[in-house]
Amino acid sequence: MSSFLRPAVEGQDPLISDSPYRPVSSHLAIAPPVSVVIPAMNEAENLPYVFKTLPAWIHEVILVDGNSTDDTVRVARDLWPGIKVVKQRGRGKGDALISGFAACTGDIIVMVDADGSADGHEIVSYVSALVSGADFAKGSRFANGGGTDDMTPIRKLGNRVLCAVVNAKFGARYTDLCYGYNAFWRHCLDKIDLDCTGFEVETLMNIRVVKAGLRVQEIPSHEYVRIHGMSNLSAVRDGLRVLRVILKEQGKRRTGRRRPPVFAPGASRGEVS
């Protein structure tokens, strides 16, 4: 059994125990504190759907508010008392995530979008992969068991092509590239040195964890349709931005010493698909 996982103590209520272990279920508890970072701008209508799936054992939730003009902050505080709200000073998803990561106190960080497309119940799968040996748990809509209800054919084709380019140029074995549902140990931030302010931050992270030699495990994830509002994504514009990041990173020196495997979903450490 992992040094981070412990069976629940029979007859003891884990919610009132002084134990440092947080209950995941009646049979399993976890030690590393988990921080969830949610970048949001005018997502007040979607937040109830986001928060209702978040596990109660999460250490902290950090909402990065991108200068919302609706009730995003108030709704978040009503839904999750004790939430940490960070006011975004710059612009873009990358800037929001970097601000949120800096405010985290947990050992594990989980990235979750605020549009209701992600299922918070999946967080336990991400955390399980990390405590089992992975450094970076990467969500994939195209791994066996994953899926998406929110990709047009042109976006799906673009994602597939860009994913193939990253795999060829950096020795990765990804099945998905432009997806924002990921988790990682906080110490990984020191090795990937994020410096990207836009949507392409997700691609940058995926490339730099490979270049840094970090252990990666893909987690099958299902993406749902945005519940309220319109997405700001543009297949052509954002695709070109992602491509520029790929080409820029190709020209930089690799920092890792080895090519990390992408673990098969559910595989133990050392078993490569």
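**Note on the predicted model: strand, ring and charge contacts**

1. F101 and F184 are both buried, where buried means under 20% relative accessible area, exposed means over 50%, and partly exposed lies in between (1.4 Å probe, protein chains only). The model is a predicted one, in which local features need pLDDT of at least 70, side-chain atom pairs count only at pLDDT 80 or more, and totals for chains, interfaces and linings use all residues. Residues are numbered from 1 along each chain as its sequence is written, and side-chain values use heavy atoms, with hydrogens and water left out.

2. Aromatic pairs come next. Rings of Phe, Tyr and Trp (its six-membered ring) pair if their centres lie within 6.5 Å; planes under 30 degrees apart count as stacked, over 60 as edge-to-face and the rest as tilted. The count by this rule is five aromatic pairs. One of them joins F101 and F184 in an edge-to-face arrangement, with 5.3 Å centre to centre and 85 degrees between the planes. This pair links distant parts of the chain, since F101 is in helix α3 (residues 93-102) and F184 in strand β10 (residues 182-185), 83 residues apart. Helices (H or I, at least four residues) and strands (E, at least two) are DSSP runs, numbered from the N terminus.

3. A stacked pair involves two tyrosines, Y126 and Y181. The ring centres of Y126 and Y181 are 4.6 Å apart and the planes are at 25 degrees, so the pair counts as stacked. Y126 lies in helix α4 (residues 123-131) and Y181 in the loop between α5 and β10, so the pair ties together parts that are 55 residues apart in sequence. Y126 counts as buried because its relative accessibility is 0%; Y181 counts as buried at 2%.

4. F101 and F184 also belong to an aromatic cluster, which is formed by F101, F136 and F184. Elsewhere, the charged end of K138 sits over the ring of Y174, 5.1 Å from the ring centre. The rule for such a contact is that NZ of Lys or CZ of Arg is within 6 Å of the ring centre and within 35 degrees of the ring normal.

5. Strand β4 (residues 34-40) is mostly covered, with seven of its seven residues buried. V34, V36, I38 and A40 point one way from β4, while S35, V37 and P39 point the other way, and all are buried. In a regular strand the side chains alternate between the two faces of the sheet.

6. Which strands pair with β4 in the parallel sense? Two strands pair if DSSP finds at least two bridges between them. Strand β7 (residues 108-111) pairs with β4 in the parallel sense over four bridges, and V34 stands opposite I108 in β7. Strand β5 (residues 60-65) pairs with β4 in the parallel sense over six bridges, and here I38 stands opposite L63.

7. The whole structure holds 14 salt bridges, a salt bridge being a side-chain nitrogen of Lys or Arg within 4 Å of a carboxyl oxygen of Asp or Glu. One of them is between R215 and D135, with the closest N and O atoms 3.3 Å apart. The pair links distant parts of the chain: R215 is in the loop between α7 (201-211) and β11 (216-220), and D135 is in the loop between α4 and β8 (136-140), 80 residues apart. R215 is partly exposed at 23% relative accessible area, whereas D135 counts as buried at 8% relative accessibility.

8. The side chains of D195 and R208 also meet in a salt bridge (3.1 Å, N to O). D195 is in the loop between α6 (189-192) and α7, and R208 is in helix α7, 13 residues apart. Is D195 buried or exposed? D195 is exposed because its relative accessible area is 51%, while R208 is buried at 10%.

9. E249 and K211 form a further salt bridge through their side chains (3.1 Å, N to O). E249 is in helix α8 (residues 235-250) and K211 in helix α7, 38 residues apart. Both E249 and K211 are buried. Salt bridges that share partners join D195, R208, K211 and E249 into one network.

10. I154 is in helix α5 (residues 153-170) and is exposed, with a relative accessible area of 54%.
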